[in-house]
Amino acid sequence: MATPTDSQLDGVFAGLVQESWRYHNLVDNTLRVDDLLVGALITVTLDAGNVLIDLTSDGTNHILRFEEPEDRARVTMALTHLTRDVTMAKAVGQRASLVVGYGEPIKSFGRVMDALRKETKSGYVAGGEPGIVTFDADSESQYVYAQVDLYLDIDQYVGEDLDIEYELLSSHVSATIHALRKFLHGRTED
Amino acid sequence: MGLLNISGKFKHRAEIRESKDEILIGEIVRAMAHMGHRADAFAADGETQRMRFRTRDGVLSYIHIALDRKTGEGRIASAVIGSKATLSVAGEVKNLLSDPDDVVHMWKTDFKNIAKLGMRGQVKVDHELNSIVGRTTDLVEIDKFVLEGDEGVQRLTEHLEERIGRVREALAPYRK
């Protein structure tokens, strides 16, 4: 067997490295897709006239808070990436849970909170299911929020080539905020 | 997850003045998205906030932006010296390093750049593992860019485009 030349050995090594990159990119793209969605959520929410006032991220759980500078209405988003495994992502698609909140500063904060507390029901009904709108408050800032739990199909918004469907995402975010605003006003206005 | 759980994770800043660095981060993400660069990594704890962007650029694989707020969180400091921060823009050329001869050539370039500081628009080029990184850092006034409407967005976009252009130019010879 002839001794391989320097360039032949370099070629074999190059092949091993390239094959490793293919797998690395597959895993990396699977893990990064939620970060791409976070960037897209920030972009479309700012395009709608808000500013980002809080951003916390540990790589899997991403928490965002926005404020509309004129009317001080706030939007919160808590996004958790649910499919951080390549096999699971291939099987069920890329999924994330998203809790969206819409809040406004309430002048009669104490009265509204009393009314919300009195509505406590049996305790048998589970919260946190898709489409259920719940109300809560941040007593420090005197904001009352309407919030809803959703599960997002990330593949709708982030393509295989990692292109972002901003228009679709923007329409979904706008519709959610619009619905939550209506729920909040319906609950807090006389 | 209940909303109070979410609220508990925020820092409860007293005024929007204290959130100016987050506001700037948001505007950077949006400006970069409009330039076609997609944020794919956030490290947002502590004083320094870092983001990585994927590009479709023929030279740059990634753009990294780091914001480190230096002054202006207090009312008096904000009024007297403004809200200053260092804004670093770095470009990364990632090569596969499949040829050992390439690696050896890259290492040699490190010594040529060791004296450059990368401040005030100057680009410092380094090799780190299998990447070549060009970085430039500016001390910026956050108020120039945030809560200034379209003018602020325009200034920020121009600043980023100009810095990315410089970094790109410095790194172009290293793209294989």
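Which loop of chain A holds A:Gln142? A:Gln142 sits in the loop between β5 (133–138) and β6 (143–153) of chain A, where helices (H or I, at least four residues) and strands (E, at least two) are DSSP runs, numbered from the N terminus. You are looking at a predicted model, in which local features need pLDDT of at least 70, side-chain atom pairs count only at pLDDT 80 or more, and totals for chains, interfaces and linings use all residues. Residues are numbered from 1 along each chain as its sequence is written, while chains are lettered from A and ligands numbered from 1 in the order in which they are written.

- A:Gln142 has a phi near 60 degrees, a positive value in a residue other than glycine.
- A:Gln142 counts as partly exposed because it has 17 C-beta neighbours inside 10 Å; a residue is buried with 20 or more other C-beta atoms within 10 Å of its own, exposed with 12 or fewer, and partly exposed in between, the C-beta atoms being placed from the backbone.
- A:Arg72, also not a glycine, has a positive phi near 65 degrees, and its place is the loop between β2 (61–67) and β3 (74–81) of chain A.
- With 13 other C-beta atoms within 10 Å, A:Arg72 is partly exposed.

**A hairpin in chain B**

- Strands β5 (residues 124–128) and β6 (residues 131–141) of chain B pair in the antiparallel sense over five bridges; pairing requires that DSSP finds at least two bridges between two strands.
- B:Lys124 has B:Arg135 as its bridge partner in β6(B).
- Two residues lie between the strands of this hairpin, and B:Leu129 takes a positive phi near 55 degrees there.

**Where the chains meet**

- Contacts link 33 residues of chain B with 37 residues of chain A, a contact being two residues whose C-beta atoms, placed from the backbone, lie within 7 Å.
- On the side of chain B that touches chain A, the elements giving two or more residues are α1 (3–7), α2 (20–34) and β1 (38–43) of chain B.
- α2(B) gives the most to that side, with eight residues.

**The nonpolar core**

- The largest nonpolar core has 76 residues, of which A:Leu37, A:Leu41 and A:Leu52 touch the most other members; such a core is a set of buried Ala, Val, Leu, Ile, Met, Phe, Trp, Tyr and Cys residues joined through C-beta atoms within 7 Å.
- Helix α1 (residues 6–47) of chain A gives the most to this core, with nine residues.
- Leaving aside neighbours within four places in sequence, A:Leu37 is in contact with A:Leu79, A:Ala96, A:Ile154, A:Tyr157 and A:Val158.
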